[in-house]
Structures are given as structure tokens and as C-alpha cells.
Amino acid sequence: FYTHRNRMGAASSRATKTKEQKEKEKEEKAAIAAKEKERQRVIKRQQKLLKEEINQSWRIVFGENIPNKQSIYVISNVTLRNIWMEDLYLYNQIKNLKTDELFHPCDSYILKWRPPGSFYQLVIPLSDIRIQESVILEIAKLSWFRPAKVIFHFVPILTTIPMFAMKTHPATLVSFHSKNSVLKKLADLFLEGRISITELQQIFTNDFEIWKVALYNLLPVDWQPYHEYLNTPPPPVTTERDIEKSYLNEDISLKQYEEFKYPERKELNEIKSRQYPLAGQFITCIICGEPNVGIVPCQNCDNMACVKCVQKTFLDENGQEKGSFMLMHHKYCLRLGSLKPIALELQLEPAYLRQFRSTSRSAVLAMLMPQKTSTDDVTQKEEDDEDEEEEEARRQAELERQRIAEEEELLQQRERPPELLALRMAFEDNMNRFHKLLKEIKSLQKKMDDNGHTDQFIQRNKRLQQEVIDKIRKAVLKPVEKIHASAVDLDIPGNFRLMLVDEAIAALTLMGRVLDLDLELFRSD
């Protein structure tokens, strides 16, 4: 009995649960059907709005030139929704028209549009959405055939900047000269997965030069030519110990050793060894236009003229001035040409003035002063005679002084012709070179005479001394012998040539003592 009753209760409970589940499923289906109905209603409404939405196609021209068919580009789907939903929609669409060019920021461009019937152009900033919305609504009000004629000019907001930015490689925008920049780039490469943690640790355990080489190898191939300095080894640092070692190994001479050890002395010696005149810098001639010949500077600017043009333009055949060099800037630098010739109108002076100039001061005063007594006339005549005698004496003295000066100048020209002066200058240059080398020989001899030096040091100084003596034989002795022979062959009167011959003989004698290794000469002050 109890078993049958339990079975009946379980069956009734299963029937009740099945009914509740059916009702629940029915409610869920009703809810899903309501949602689907609402979704279909929204889709139909959206489709209706899409049909009624303002959808325009704008014609764009780059620049303000008159457009043609090849220069007009079209931007489609210009709607209020796209402008408000997408940032810088028009700017991005214009950039897609020319993908090969590099654009400036959005604030650097504007769109210019002239509405129908207007004499002025409207400026449409590409970053202002409200103005773009107003333009879309204004174009929508036009008739059906006018929007096709609407053209927008895409131009920079400033006339001083070009339409497109300059194309530069991204590698030129960064540099890795400092340690922090190299460390930051290595960290970025690690975060990108280009290098592992083990490789990064191995790099950081080395010095900064290994960091740079590792970064150079990790850069892209097109980046490496812009950062060759990463793969360039640092210049070797020469220490004083290295210089001494090179000197002991006879890789450098004693003079080079002193220059390396005392660079300030080397700089002073270079300054002392400079000779005047220094080499001039030649540029293009402003008159004839030939390059690398201009040496005569303009008095007003940095232009220069060549010697031939200056002689041809401003000097005649006899070397006399025929034109003013002060007009070079006006005529050639400023390209204003020659000045018009000035014609002076000569006016004859009065007869009484010519008579005054043809007589003495006393005669002029006698003509202007009133008539005097006979005694005054005699006195005045005597004074006039004295004035005339003094003037004649001064004139004779001046003529004698000019005659003496001319004779001295002619005598000097006969005794000192240009070829003898050239020999004299060459002799002085060689003697200056000889005295410098002799001073160096004495310095080396002084070092050898000092006690306490090793035999190796003394032998090295002897070798250096012999090198200097050979230099004297080749670079000084032979030129002086030629100068002496040339001076003897010249047939020129006067003592100037004889003085040069005597000095050349004395110099050759002194050089002979040097070549014979005269120690007394080397040890003298």
C-alpha cells in the first residue's frame, strides 16, 4: 500500500514540473519574439534614415590654381555622421588621395570654397566640425545640378609654407650619441622582442663602445647608413708612455718626441716659422667671371677681381691710371655700368685777374694801392727786386735738389737692378734657413756634451746631427754656391754686388766648417 502511494505521488510531481517548464519556455519565446520585433522596427527606421541622410561627394583641388579634369579629386560619403563620429574625417580622406606625399599637421591646412553668387571665399578649417556641418547643410539647400559644380581648394593656411612637408627618413629624426639614448633604444628593442634577456645582460656587462656596436647591428638595414658613428671605433688615446716607447724604438725622431710631449711648444714653433706673405684665397673674378683668379678685393664688398682685369680696366699701356678704381663697386659689383662723362664748361677769367697772376705780389699791391710819393716808389722798387732775387734763389735750390735726387735714383738703379735684388733676397732666405739648422746642430752637440748619458743616447744624437748636416749640404750649400756664381758673373758697377759676393764667400766658408764637423763651432754660443 505504501509503495503504491509513493509511486503515485512521484508521478503527480513530475507532471506538475513539466507544466511549469512549458509555461516558462512559452514566456521566454514571447520575450524573444518581442525583442526581434523591436529589432526589425529599429532596422527599418535606420534604413529609412539612411535613405533620407545627406550624403555628398566633395570635389577637391590641391592649390589655388584653375582646376582641370586631371587635378580634381573626389571625396565620397561626406555625411554628418562621418564628420561627427570619425576624428578629422575630411583630413584623413584627403591624405588618402596622395599617399606618396608627407602632409603637415591638420591645423596647417584649410579648405576654400566660394558659394554660388558670392564674391568672397569661405575658409573651412579641417579641425572645426561645426563649420563643416554648416557647409554640408548649405550645399544640401542648393538645387540638384549645383553640387556637382562645387569645388574646394585645399591650401596651406600660411603662404610661406609649401603644400607638402619635406620627405625625411625616420632615422634622421633621432640620434644615439649619448649613453642614455642608446640605453633607451636597447630597452625598446627588448620590449619589442628583438633581443632576449640573456643577450641584453651580455651587452650591459661590457663598456659603452660594445653597446653602440650592438645597437648598430640591431638597427634596420635602411637605418644603419644614418648612424655610422655607432660602428666607428673611438680614436686611440696616446699616452706619454706610448710616446716614450716609440722614441726608444726609433719610430719617431727627437723633434717629434718633443712635439708630442710639449704641444704648446709645437704651436709656438709653427707660429714662428710662418713667413709673410701668407697664401691668398682666390675666388671668381667679378669683371671677367673666370673662377679661382680673383685676388684684388673691392673696397666696398667681398668681391674680387683678377690682376689682368685690373690692369686692363684701370691702367693704360704705360702703367698710368686711366680710370678710378673707386668706381669698381659701382660699375661691376652693383652692375650699374660706367658713369656718364662729365663735360666741364670752361669760363675765361677776367683780364685783370690774368694780369695779377702774371705779376708778383708786390706788383699787384702796387696796382691796387693808391699812388705814392717818389721816395716810396724807389723803396717799393728795391723791395720788389729783393723779392724777385729771393724767389729766383729758392727756385734754383729746388732745381738743384731735384737734380741730385734724380742722379741718386739713377745710380741706385744701376747698382741694384732687379736680378741682383732677387739674388740678395734668395741669399738672405738661405742664410736664415742655415742659421736655424746650425742652431739645431748646436743644441744636439750640447746634449751630447752633457755627462750622464748612455752611449745609445749619444749615438742617436750623432745620427740626428748628421741628418741636419746632410740637409745643409743639399738644401743650403748648393743654392748659395749658385747665388755666388751668378753674382760674380754679373757686370754691375758699385759696392752692392761686391758686398753680396763677400757675404756669399763668408757663408760658404762657414758652411765648410759645418761640413767638416768643427766642434769648436758647434760648442760656441
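This text walks through the strands of a predicted model, then turns to a patch on its surface.

Start with the sheet. Five strands build it, in the order β2-β1-β5-β3-β4. The sheet is open, and its pairing is mixed. Strands β2 (72-78) and β4 (122-125) sit at the edges, each pairing on one side only. From one strand to the next, the twist averages 35°. Helix α3 (residues 89-97) packs on this sheet. The helix touches β1 (56-62), β2, β3 and β5 (151-156). The direction of α3 makes about 140° with that of β2.

Now look at β3, residues 109-113. Strand β3 pairs with β4 in the antiparallel sense, over four bridges. Here L111 stands opposite I124 of β4. Strand β3 also runs antiparallel to β5, and four bridges join the two. On that side, I110 faces V155 in β5.

How many residues of β3 are buried? Five of the five are, so the strand is largely enclosed by the rest of the structure. In a regular strand, side chains alternate between the two faces of the sheet. In β3, both faces are covered. Y109, L111 and W113 lie on one side, I110 and K112 on the other, and all are buried.

F282, I295 and V307 make a nonpolar patch of about 240 Å². V307 belongs to helix α11 (residues 307-314). Is V307 buried, partly exposed or exposed? V307 counts as partly exposed because its relative accessibility is 42%, and that class lies between the cut-offs of under 20% for buried and over 50% for exposed.

How values were computed
Residues are numbered from 1 along each chain as its sequence is written. This is a predicted model: local features need pLDDT of at least 70, side-chain atom pairs count only at pLDDT 80 or more; totals for chains, interfaces and linings use all residues. Side-chain values use heavy atoms; hydrogens and water are left out. Two strands pair if DSSP finds at least two bridges between them. Axes are lines fitted to C-alpha atoms, for helices over the stretch in contact, and angles run from 0 to 180 degrees between N-to-C directions. Contact means heavy atoms within 4.5 Å. Patches are made of residues with over 30% relative accessible area and no salt bridge: like charges are joined within 9 Å, nonpolar side chains (Val, Leu, Ile, Met, Phe, Trp, Tyr) within 5 Å. Accessible areas come from the Shrake-Rupley method with a 1.4 Å probe; for residues, only the protein chains shown count as cover. A salt bridge is a side-chain nitrogen of Lys or Arg within 4 Å of a carboxyl oxygen of Asp or Glu. Buried means under 20% relative accessible area, exposed over 50%, partly exposed in between (1.4 Å probe, protein chains only).
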